[in-house]
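These are my notebook entries on a single protein chain. I began with the loops and the backbone, then turned to helix packing and the chain as a whole.

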Amino acid sequence: MRVNLHIATILVVLLVHAALHNTPVDGGEFIGDYSKLSGIIIPGFASTQLRAWSFLDCPYSPLNFNPLDLVWLDTTKLLSAVNCWLKCMLLDPYNQTDHPECKSRPDSGLSAITELDPGYITGPLSSVWKDWVKWCIEFGIEANSIIAVPYDWRLSPSMLEERDLYFHRLKLTFETALKLRGGPSIVFAHSLGNHVFRYFLEWLKLEIAPKHYNQWLDEHIHAYFAVGAPLLGAIETVKATFFGNTFGLPVSEGTARLMFNSFASSLWMMPFSKYCRTDNSYCRHFAGGFRKGHHTYQCEEQEFRLNYSGWPTNIVNIEIPSVRGFDAYPSVTELAQTNLSSMECGLPTQLSFSAREISDGTLFKAIEDYESDSKRLLYQLKKSYHDDPVLNPLTPWDRPPIKNVFCIYGIDSRTEVGYYFAPSGKPYPDNWITTDVIYELEGSLYSRSGNLVEGNPGAASGDDTVPYNSLSLCKNWLGPKVNITRAPQSISTKRI
């Protein structure tokens, strides 16, 4: 999900208005010189350059990988040496270590997030924050007031800290910005970057004394801009788990799936219920009960009384064979032609799964006999998310305890909200096909063929990538004072 240029314009106008005119936003409590504010950018999924941190000789190709060579995203090497490129991208699906022959690490600085693959062919497609930074320069924003905090978007939150000390370094970034500029920072988080920032806020609770937590936030963070935040997860993450995400690159879906599912972060934006939560790690820690793997998962009555876990419809509808033990999934035709005692036993069974049943692993357990990747998915789901010692990110979050929060997202685009999958008859990783897709648009749900579908459509549709109910969860954060502005081209900005 790329940063929308109109959203970026809004952000620049707000920042420049504060920085150049010393005029606080209504409700802001910062008293001082607004030119001392810093802007800290937390990019989204696949929005940070990765560079090689090893030597890799690529047979049958004139291009090798040397330290600091661009890996994500270098389309030239991808096209000429895809197997080598994959070695530098893949992680061990269980322990998240690098490939034995190659390792990659995130680049640093603004250049790591502005343009992923500069060039005449892919440059315009891979430009992320480049135009945003250009506008900052045009408006006279100082170079040291815009700080990027790139991260390895392949890792789970706990591994970001364990391997890279990312959250320790993020805390130091805020503290350094305060000392350098003399004022607090404005946080701009996009897509997955919002989940990263949320995890940081929870990690910070366990890092500093409780009585100093709110004080630290007040001193270091003046405002938070949540840009295109998938606050209840993103539907397309489910599709990528079954088919991979090619990102528009010239790779097969099977190759993209192998790569995508090697990343523990592939589960970070899985859709989850708005009615189910885990107990608070912060409270358990100071009650003497802080132990890894002892979260209590509780759902409100609405989860079982209402349909679809607060989403427009069931997210996954999947056919599985009624008979087990197939190495390669047979098609419905093949099953019908086998010598079975009855057609009832031979035809596939269709199962439906809500957001809760995806995030708690029910979906992957149900297809475990037919999906070789289920074991890995269940392992990472439990280890990296359900049993995370700081936070289970697959639960809804409340308004961050920051003075000024802006929720910015696009609406009124046709957005996928549900899928129908079936066995393809091919081996992994190409063992599934999509038989139908459910979309939301203009307050209605309809299938790929154009037929209306029953469900709970929202007042609007999403931004083409994230459904409206996930983007707009921040409406629950609304307090007594709120300004709602509708910008041109169906971009909605909400001041919270």
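I looked up Leu73 and found it in the loop between β3 (70-72) and α2 (75-80). The model is predicted, and I keep that in mind for every entry. I then examined the peptide bond that joins Trp72 and Leu73: it is cis, with omega about 20°. I noted for comparison that most peptide bonds are trans.

Where is Pro429 found? I located Pro429 in the loop between β13 (415-423) and β14 (432-441).

I recorded Leu165, which is not a glycine, with a positive phi near 50°. Leu165 sits in the loop between α7 (157-164) and α8 (166-181). I placed Tyr308 in the loop between α14 (301-305) and β10 (316-320).

For α8 and helix α9 (residues 192-207), I found an angle of about 85° and axes 10 Å apart. The two helices are therefore roughly perpendicular, as angles from 65 to 115 degrees are counted in that way. I listed the residues that make the contact: α8 contributes Tyr166, Phe167, His168, Leu170, Lys171 and Phe174. From α9 come Val196, Phe197, Tyr199, Phe200, Trp203, Leu204 and Glu207. How many residues of each class does this contact have? I recorded ten nonpolar, one polar and two charged residues.

I looked up the secondary structure and found 20 helices and 17 strands. Of the 496 residues in the chain, 54% are buried. I recorded an accessible surface of about 21400 Å² for the chain, with 52% of that area belonging to carbon and sulfur atoms. Finally, I looked up the contacts in the chain with a separation of 6 or more: residues 24 or more positions apart account for 72% of them.

Definitions and conventions: Residues numbered from 1 in each chain as written. Predicted model: local features only at pLDDT ≥ 70, side-chain atom pairs only at ≥ 80, totals over all residues. Heavy atoms only, no water. Helix = DSSP H or I, 4+ residues; strand = E, 2+ residues; numbered from the N terminus. Buried < 20%, exposed > 50% of the residue type's maximum accessible area, 1.4 Å probe, protein only. Contact = heavy atoms within 4.5 Å. Areas by Shrake-Rupley, 256 points an atom, 1.4 Å probe, with all protein chains shown as cover. Axes fitted to C-alpha atoms, helices over the stretch in contact; angles between N-to-C directions. Parallel < 35°, antiparallel > 145°, perpendicular 65-115°, else oblique. Nonpolar A, V, L, I, M, F, W, Y, C, P; charged D, E, K, R; others polar.
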